[in-house]
Amino acid sequence: MNIMLKTNDIANLVEADRAHVWHHLSQHKSYETVDPQLMVEGRGMRVWDATGKEYLDATSGGVWTVNVGYGRETIADAVRDQLVKLNYFAGAKGSIPGARFAQKLIEKMPGLTRVYYSNSGSEANEKVFKMVRQIAARHHGGRKWKILYRERDYHGTTFGALAACGQPQRNTDYGPYPPGFVEVPHCLEYRNQYPDLADYGIAAADAIEAVILREGPDTVGAICLEPITAGGGVITPPVGYWERVQEICTKYQVLIHIDEVVCGLGRTGKWFGYQQYGVQPDFVTVAKGLASGYAAISCTITTEAIFDLFKTDASDPMNHFRDISTFGGCLAGPAAALENMRIIEDEELLGNTVAMGERLRNNLLGLMEKHPVIGDVRGCGLFQGAELVADRVTKEPLAEAKVQAVVAKCMSMGVIIGATNRSLPGLNNTLTLSPALIATTADIDTITATIGEALTAVA
Ligand SMILES: Cc1ncc(COP(=O)(O)O)c(C=O)c1O
C-alpha cells in the first residue's frame, strides 16, 4: 500500500465527504454518528480505506465490476495513450479503439454483429427498449410494443429500466412509469411456485408463455432477462429453462434481450453468461466488467437482422435509430475494454474463474454442512450466492438485519462480501460473492473461512 495521508488529512476528507457527498444507496442518518468510509487504493484483490485498513475484496468493487482486479497499469497506460491521442469524438463517427474493440467483442459472440456504445448498464438497456419500440412502430404497425421482464431481475436506475424492474424496493415511490412493461414470474427453484409440476425448468418457462398469451402475442415484442439473476438473489436458471424460453420466443416472435451487465466478460467462466445455456439472443447488453471499472463504457450488441431493420429506407429521415449517447463517444472506454479483454485472454482468467468458482462453491457447500442457516448455495463461476434462512425446513428467510450483520462482521475481519439489499421485501437474505477473476485458492479459502466465522458469531 502506498497511502500517504496524515491523520489531519483524513479527518478533513472525512468531514468533506460527510458534509457534501451523497452516497449511492445509503441512508445518511448513520453518518451523523459514524464516519463515512473512504476507499483510497487498490492492488489485485485488495483495497485499503483512508485509515489504512486492508480488505480482501470478494465483491469486485462492491457491485461485480473490477473483473481483472485493481491497479492494472497496462489499462491505465492504454487509457492515457488514447486520451492524449484523441479523448473524444461523438459516436456518429467511428474511432480506432471503437472499431478494434467491436471486432474483438464480436469474435466472442457468434450470431451477433453490431455494437452500440454508451456508458452505463442502464443506458445500454434503454437502447434496447427504444429499438424494440421503434421496430414495433416501423415494422409491426404499432403492435409488438410490450416488453416482458422477470420478477427479481434488475436492469438499471433510469425510468425505462425501473419500469422493467422485478425488485419492488428499487422502483417503489419513483413512478409513474412508462406503460408496456409486463412482469413474468421468477425462476428460483429453491422457492418453487409450482410444486405440483414435475419439471421446474419447463414450468417456470411456461409461465412466460402464459403471460404472452394473456397479453396477446401480437402485442409482445421482446423479453429482457438476466442470464443469472444477480442482485435479486444469484438465481441460476433451472435445467431446461433457457431452451424452453428460446422455443417460446421463437413461436411468438418475441425478441430475446439478455442483460449481461453482471455476467458479461468472464464472470461465470465463459465470456458471457448466456453461453452457459446455449441460447441465441437478439440483443445483449454489457457494462460493469467490460472495462473492469477503469473507464465508463457499456455496449448494446445486436444481430445483423435487427440492425437491418434500421436502414430499410434511406430516403426517410425517421428510418434510422435516432439515438445518441454523448459519453458513448469517450474513447477511454473501448481503449480500456480492449486491454481488459487482452488480460483476460493472456492470463487465462476464464479457466481460473472455472477452477476458483468450483472451489468457492465447494467451500460454501462445506459451510452449509456446518451452518444450518445456509439454506441454498447457487451460482456459476466466480459468481456465487448463499441464501440464509431462519429455518431450513420452512425456508423462512433470515432477517435482513442479521444478514447485514454477517456482512459487517466479515468487513470487520477484513473481507468484503455482499448481500442482496433493497431488492425484495423480506427476501434480502442472500450473501453474494463475486471476487475478481484473478482470485487464488488462498483468497477463496480466506473468504469462505471468514464467512464461516461470521456465521458462527452472528447467526
Ligand atoms: C443486471 C444489471 N443490469 C443493469 C444494471 C445497471 O447498470 P448501471 O448501474 O451501470 O446503470 C445493473 C446494476 O447493478 C445490473 O446488475
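Tutor: V354 counts as partly exposed at 46% relative accessibility, where buried means under 20% relative accessible area, exposed means over 50%, and partly exposed lies in between, with a 1.4 Å probe and protein chains only. This is a predicted model, in which local features need pLDDT of at least 70 and side-chain atom pairs count only at pLDDT 80 or more, while totals for chains, interfaces and linings use all residues. Residues are numbered from 1 along each chain as its sequence is written, and side-chain values use heavy atoms, with hydrogens and water left out.

V354 sits in helix 12; here helices (H or I, at least four residues) and strands (E, at least two residues) are DSSP runs, numbered from the N terminus. R191 is 163 residues from V354 along the chain, and the C-alpha atoms of the two are separated by 27 Å. Helix 12 covers residues 349–370, and its 22 residues should span 32 Å at 1.5 Å a residue, which agrees with the 31 Å between its end C-alpha atoms; the expected span is 1.5 Å times one less than the number of residues.

The buried residues of helix 12 are L349, L350, T353, M356, G357, L360, L364, L367 and M368. They cover an arc of only 130 degrees around the axis, so they lie on the same side of helix 12, the arc being that of the directions from the helix axis to the C-beta atoms. On the face turned away from the buried side, helix 12 carries the exposed residues E369 and K370. Among the elements that cover its buried residues are helix 11 (332–346), strand 11 (374–379), strand 16 (430–433) and helix 14 (441–458), contact meaning heavy atoms within 4.5 Å.

Strand 12 (384–391) is also part of that cover, and the loop between strand 12 and strand 13 (396–397) holds K395. Phi of K395 is near 65 degrees, a positive value in a residue other than glycine, and K395 counts as partly exposed at 27% relative accessibility. S60 also has a positive phi, near 50 degrees; this residue is in helix 2 (residues 60–64) and is buried, with a relative accessible area of 2%. As a rule, most residues other than glycine have a negative phi, and most peptide bonds are trans. The peptide bond from G175 to P176 is cis, with omega near 5 degrees, and P176 lies in the loop between helix 7 (168–171) and strand 6 (181–184).

Let us turn next to a strand. Strand 10 (residues 298–302) is largely enclosed by the rest of the structure, because five of its five residues are buried. S298, T300 and T302 point one way from strand 10, while C299 and I301 point the other way. Strand 4 (residues 114–118) pairs with strand 10 in the antiparallel sense over five bridges, two strands being counted as paired if DSSP finds at least two bridges between them. Within that pairing, R114 has T302 as its bridge partner in strand 10. Strand 9 (residues 283–286) also runs antiparallel to strand 10, and four bridges join them; here V284 has I301 as its bridge partner.

Helix 5 (residues 121–139) contains N125, and 14 of the 19 residues of helix 5 are buried. N125 counts as buried at 0% relative accessibility. Setting aside residues up to four places away in sequence, N125 touches H155, H257, D259, V261 and T285. A polar atom of the N125 side chain lies 2.8 Å from the backbone oxygen of H155; such a polar contact is a pair of N or O atoms within 3.5 Å, and within protein one must be able to donate a hydrogen and the other to accept it, with residues adjacent in sequence counting only if both atoms are side-chain atoms.

N125 is also one of the residues that surround the ligand, including S122, H155, D259 and K288, a residue being near a molecule if one of its heavy atoms lies within 4 Å of it. An N or O atom in the side chain of S122 is 2.5 Å from an oxygen atom of the ligand, a polar side-chain atom of D259 lies 2.7 Å from a nitrogen atom of the ligand, and a polar side-chain atom of K288 lies 2.9 Å from an oxygen atom of the ligand.
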